[in-house]
Amino acid sequence: MKKVIPVVVLSGEAEANRALASLIEGGLPIAEITLRTPYAEEAIALAAKKFSDLSLGAGSVLCAEQARRVIGLGAKFVVSPGLSEEIAAVCAAEKIPYLPGAVTPTELMRARALGFSTVKFFPAEVFGGLAAVKALSAPFPEMRFVPTGGVTLRNLKEFLACDAVAAVGGSFMMRGDVVDNCKKIGEICREVAHVG
């Protein structure tokens with residue numbers, strides 16, 4: 001079964017507790033907590049300490065120092081919007097999976113040369129969405145993509161049906177109370193888990 005990776009932006013402890021508990025209760029016990037808020041690193045530490053059932057990752061990691069910090073706080077995988085050889089080296093040394101971003105043929109060739117067979121495709125919608133993934137998979141048949149940015153409940157099934165897609169990422173399930181007639185995060189997660 002292909003994975004759906006919730007991309008989680010957290011701004012405070014109460015929000016973190018509620019959101020992470022909802023993911024687990026909804027059947028999606030995985031979170032890519034992005035380093036987009038001042039609270040993000042605290043959220044990773046809290047998740048590592050309090051939510052042991054959660055597959056915990058750090059996203060929007062832009063440099064080696066950030067990678068070292070989030071791994072030290074308990075992140076079990078690291079995600080970047082682009083490809084960083086420095087972050088790759090830190091993750092390799094710590095034996096932590098690294099998902100780098102790549103969206104162009106040149107970037108894919110670089111990722112391939114560094115030994116990566118799976119890359120984040122972000123922002124997917126801006127760079128052509130599923131059509132682009134399918135086009136890129138022709139000259140790169142061994143590469144697998146994790147589209148993020150533009151994946152929604154409406155197109156999730158279509159993305160997951162593509163052989164070149166290893167998983168998808170998105171924040172759409174984290175918008176409880178504003179998505180699809182005020183569904184709660186846990187309810188949306190159950191729907192997503194069923195599709196995935």
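**Exercise 1.** Find the bridge partner of Thr-34 in S3 and describe the surroundings of Thr-34.

*Solution.* 
Step 1. Thr-34 has Gly-59 as its bridge partner in S3. Helices (H or I, at least four residues) and strands (E, at least two) are DSSP runs, numbered from the N terminus. The model is predicted: local features need pLDDT of at least 70, side-chain atom pairs count only at pLDDT 80 or more, and totals for chains, interfaces and linings use all residues. Residues are numbered from 1 along each chain as its sequence is written, and side-chain values use heavy atoms, with hydrogens and water left out.

Step 2. Strand S2 covers residues 30–34, and Thr-34 lies in it.

Step 3. The relative accessible area of Thr-34 is 1%, so this residue is buried. Buried means under 20% relative accessible area, exposed over 50%, and partly exposed in between (1.4 Å probe, protein chains only).

Step 4. Residues up to four places away in sequence are not counted here; Thr-34 then touches Val-7, Val-8, Val-9, Ala-40, Gly-59 and Ser-60. Contact means heavy atoms within 4.5 Å.

**Exercise 2.** Trace the chain from S2 through H2 to S3, and then from S3 through H3 to S4.

*Solution.* 
Step 1. S2 and S3 run parallel and are joined by five bridges. Two strands pair if DSSP finds at least two bridges between them.

Step 2. Between S2 and S3 the chain passes through helix H2 (residues 40–50), and this β-α-β crossover is right-handed. A crossover is right-handed if, with the strands pointing away from the viewer, the path from the first strand over the helix to the second runs clockwise.

Step 3. S3 and strand S4 (residues 77–79) also run parallel, with two bridges between them. Phe-77 in S4 is the bridge partner of Gly-57. The chain goes from S3 to S4 through helix H3 (residues 64–73) in a right-handed β-α-β crossover.

Step 4. S3 covers residues 55–59, and four of its five residues are buried, so the strand is largely enclosed by the rest of the structure.

**Exercise 3.** Give the order of the six strands in the open sheet and name the edge strands.

*Solution.* 
Step 1. The order is S5-S4-S3-S2-S1-S8, and the pairing is parallel. Strands of a sheet pair through backbone hydrogen bonds, either parallel or antiparallel.

Step 2. Strand S5 (98–99) and strand S8 (167–170) are the edge strands, since each pairs on one side only.

Step 3. Four bridges connect strand S1 (residues 3–8) with S8 in the parallel sense, and Val-4 stands opposite Val-168 in S8.

Step 4. S8 is covered on both faces: Ala-167 and Gly-169 on one side, and Val-168 and Gly-170 on the other, are all buried.

**Exercise 4.** Describe how H1 packs on the sheet and on H8.

*Solution.* 
Step 1. Helix H1 (residues 13–25) packs on the sheet, where it touches S1 and S2; the direction of H1 makes about 155° with that of S2. Axes are lines fitted to C-alpha atoms, for helices over the stretch in contact, and angles run from 0 to 180 degrees between N-to-C directions.

Step 2. H1 packs with helix H8 (residues 185–195) at an angle of about 35°, and their axes are 8 Å apart.

Step 3. In this contact, Ser-22, Leu-23 and Glu-25 of H1 meet Ile-185, Gly-186, Cys-189 and Arg-190 of H8.

Step 4. Leaving aside neighbours within four places in sequence, Asn-17 is in contact with Leu-46, Lys-50 and Phe-51. Asn-17 and Leu-46 are 29 residues apart in sequence and 8.4 Å apart in space, C-alpha to C-alpha.

**Exercise 5.** State whether Ser-60 is buried or exposed, do likewise for Lys-95, and describe the peptide bond from Phe-122 to Pro-123.

*Solution.* 
Step 1. Most residues other than glycine have a negative phi, and most peptide bonds are trans.

Step 2. Ser-60, in the loop between S3 and H3, has a positive phi near 60°. Ser-60 counts as buried because its relative accessibility is 14%.

Step 3. Lys-95 lies in the loop between helix H4 (85–94) and S5, and its phi is positive at about 60°. Lys-95 has a relative accessible area of 73% and is therefore exposed.

Step 4. The peptide bond from Phe-122 to Pro-123 is cis, with omega near -10°. Pro-123 is placed in the loop between strand S6 (118–121) and helix H6 (129–137).
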